[in-house]
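Student: I would like to learn how to read a model feature by feature. Could you take me through this one?

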Amino acid sequence: MNPSLFISHGAPNIIFSDLKSKKSIQNLKNILDTPKYIIIVSAHYVTKNLKVINPIANSLMYDFYGFEKELYEFKYNIKSDLNLTNNLIEKLKNQGIDISIDENRTSYDHGVWSVLSLIYEKLEIPVIQLSIPISYTITELLNLGEKLKIFKDDALLVFSGGVTHNLSEMGYENTKNYAKEFNDTIKNIIENGKIEELKNISKDKNFYKNHPTTEHFIPLLLAFGSAFNKKGESFNSEMLYSNISMESFIFDEKEVEKW
């Protein structure tokens, strides 16, 4: 069985950085078996209801601005698969999950390729991307994660987002208290399997300070739901730009090397 990963992906130029977080993500290749395919959810693909990327997808989306020229020239071979997509749709529908192909989504956003390119320098397996169904409640998101468990024998589940994500208050000063407090709260919840606290996380005094919008937090809910043991273990802790947490978790992995 493959684990589930929640990765705080940070900025796309992490791939050119010397950050601790980059090295932590790269080192995942030392503990992961090669899956038959990858199912990934990124904070940068949001739809009202659940969608899956067009199976003809095979290109990168440079969905950002203001970064170094080399980032817009970065190439990475990645593609989806028709049969695996249809199989995923059938199995989710059989579990009562409404899902359809997004014909207009034919490329992968940076929340996908910046992460996968660090784990797999050369990617030789298909990648199926699911959207974030923004109309779902927290309970529905956890349930969707639960339904994704059936794919873990063959697929690696990757959820790409951020434990904190308030870009308007980034800076170069010391870590902001509201970011550290929230990060510590989340780490405690995930590592101790406190599902009821996670269900009520939007009531936390620091939630909306760290997530003015929720799309970067939702992948963590899906990752938690997809875990058999409903506990994760942090494999990376780093705070950037005073309020951007790179805290990342692995679920259903017996042995985790910490970096």
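Predicted model: local features only at pLDDT ≥ 70, side-chain atom pairs only at ≥ 80, totals over all residues.

Student: Let me try a loop, then. Where is the place of Ser 242?

Tutor: Ser 242 sits in the loop between S10 and S11. Tyr 241 belongs to the loop between strand S10 (239-240) and strand S11 (244-245).

Student: What should I look for in the backbone there?

Tutor: Start with the general idea: most residues other than glycine have a negative phi, and most peptide bonds are trans. Here, Tyr 241 has a positive phi of about 55° although it is not a glycine. Ser 242, also a residue other than glycine, has a positive phi near 75°.

Student: Is Ser 242 buried or exposed?

Tutor: The terms are cut-offs on relative accessible area: buried means under 20%, exposed over 50%, and partly exposed in between (1.4 Å probe, protein chains only). Ser 242 is buried, because its relative accessible area is 4%. Tyr 241 has 39% relative accessibility, so it counts as partly exposed.

Student: Which residues is Lys 176 in contact with, leaving aside its neighbours within four places in sequence?

Tutor: Contact means heavy atoms within 4.5 Å. With those neighbours set aside, Lys 176 is in contact with Glu 169, Ser 242 and Asn 243. Lys 176 itself lies in the loop between S8 and helix H6 (177-192). It counts as buried because its relative accessibility is 17%.

Student: With which side chain does the side chain of Lys 176 make a polar contact?

Tutor: A polar contact is a pair of N or O atoms within 3.5 Å; within protein, one must be able to donate a hydrogen and the other to accept it, and residues adjacent in sequence count only if both atoms are side-chain atoms. The partner of the Lys 176 side chain is the side chain of Glu 173, at 2.6 Å. Another such pair is Ser 21 and Asn 236, whose side chains are joined by a polar contact of 2.9 Å. Ser 21 lies in helix H1 (residues 20-26), and at 0% relative accessibility it counts as buried. Not counting residues up to four places away in sequence, Ser 21 touches Ile 14, Asn 236, Glu 238 and Met 246.

Student: Now the strands. Why is strand S8 largely enclosed by the rest of the structure?

Tutor: 7 of the 7 residues of strand S8 (residues 155-161) are buried, so the rest of the structure largely encloses it. Both of its faces are covered, with Ala 155, Leu 157, Phe 159 and Gly 161 buried on one side and Leu 156, Val 158 and Ser 160 buried on the other.

Student: And how do I read its pairing?

Tutor: Two strands pair if DSSP finds at least two bridges between them. Strand S1 (residues 4-8) and S8 pair in the parallel sense over 5 bridges, with Leu 157 in S8 as the bridge partner of Ser 4. Strand S2 (residues 37-47) also runs parallel to S8, joined to it by 6 bridges, and Val 41 stands opposite Phe 159. S2 and S7 pair in the parallel sense too, over 6 bridges, and there Ile 40 stands opposite Gln 129.

Student: Last, how do I read a pocket?

Tutor: Rolling a probe the size of a water molecule over the atoms shows where empty space is left. On a 1 Å grid over the protein atoms alone, a cavity is a set of points where a 1.4 Å probe fits but cannot get out, and a pocket is an open set with protein on both sides within 12 Å along at least five of seven lines; lining residues have an atom within 4 Å of a point. Grid points are joined across faces, edges and corners, and a volume is the space filled by probe spheres set on the points. The largest pocket here has a volume of about 520 Å³. It is lined by 25 residues, and the closest to its centre are Gly 10, Ala 11, Pro 12, Phe 67 and Leu 167.

Technical notes:
Residues numbered from 1 in each chain as written. Heavy atoms only, no water. Helix = DSSP H or I, 4+ residues; strand = E, 2+ residues; numbered from the N terminus.
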